[in-house]
Amino acid sequence: MSGLIGKKIGMTSIFDENGKNIPCTVIQAGPCVVTQVRTSEVDGYKALQLGFDDKADKRASNAAVGHFKKAGTSPKYKVAEFKKFEDDFNLGDSVTVEMFKEGEFVDVSGTSKGKGFQGVVKRHGFGGVGQATHGQHNRLRAPGSIGAGSDPSRVFKGMRMAGRMGGAMTMVENLRVLKVDAEKNLLVVKGSVPGPKNSILIITK
């Protein structure tokens, strides 16, 4: 799918024509530079590699500097490939937020906020206090029994237990585009998207 790389600015809310208050997220979408063009003859598939957000040459490897120099641009913090672009782009072209239109739906993916090591109540929504099961008369947020004893004598894979939570690539689908500001490269979508402020996002349609 075609798309853009962006950065999460933050959340706000706007009023629609009926006076309803709609929560939304503001995203700086692009401008992105075409840093590589994948072709069926050379790569076996068609795609565009886009780069977003400049960084200094000293922050990039020599190989990366040479790669971006072919496109006539400075090194980028983030690159990603997108397939099925409707328009044809060449190396070094700029792709802007104008590819999106108000009213259409997009998918936004990013790295969710890391929450560290969490217990079963927060991580999986176990009952805890007030809904105690498995004999938890004095252990308010304990997970309880995790399996039988002599048979099968092990804990099955996938058992919901305490562990690291968040910090994973997450996608939110079908977010409606409320506004497109071409001058400031801003995209306003309905609802929330993964990650903290200033985190990198991939917007596809």
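Q: How many bridges join strand E3 to strand E4?
A: This is a predicted model, in which local features need pLDDT of at least 70, side-chain atom pairs count only at pLDDT 80 or more, and totals for chains, interfaces and linings use all residues. Residues are numbered from 1 along each chain as its sequence is written, and side-chain values use heavy atoms, with hydrogens and water left out. Strands (E, at least two residues) and helices (H or I, at least four) are DSSP runs numbered from the N terminus, and two strands pair if DSSP finds at least two bridges between them. Strand E3 (residues 32–38) and strand E4 (residues 47–54) run antiparallel, and the bridges that join them number five.

Q: In E4, which residue is the bridge partner of Val-33?
A: E3 and E4 belong to an open, antiparallel sheet of four strands in the order E5-E4-E3-E6. Its edge strands, E5 (76–82) and E6 (94–95), each pair on one side only. The bridge partner of Val-33 in E4 is Gly-51.

Q: At about what angle does helix H2 run to E3?
A: Axes are lines fitted to C-alpha atoms, for helices over the stretch in contact (heavy atoms within 4.5 Å), and angles run from 0 to 180 degrees between N-to-C directions. Helix H2 (residues 62–70) lies across E3, E4 and E5, and its angle to E3 is about 95 degrees.

Q: Which residues touch the most other members of the largest nonpolar core?
A: A nonpolar core is a set of buried Ala, Val, Leu, Ile, Met, Phe, Trp, Tyr and Cys residues joined through side-chain atoms within 4.5 Å. The largest has 27 residues, and those that touch the most other members are Leu-50 and Leu-187.

Q: How far is the backbone oxygen of Lys-115 from a polar atom of the side chain of Gln-118?
A: Gln-118 is found in strand E8 (residues 116–118). Not counting residues up to four places away in sequence, Gln-118 touches Arg-123, Ala-162, Gly-163 and Met-165. The distance from the backbone oxygen of Lys-115 to a polar atom of the Gln-118 side chain is 2.4 Å.

Methods: Buried < 20%, exposed > 50% of the residue type's maximum accessible area, 1.4 Å probe, protein only. Polar contact = N/O pair within 3.5 Å; in protein donor to acceptor, adjacent residues only side chain to side chain.
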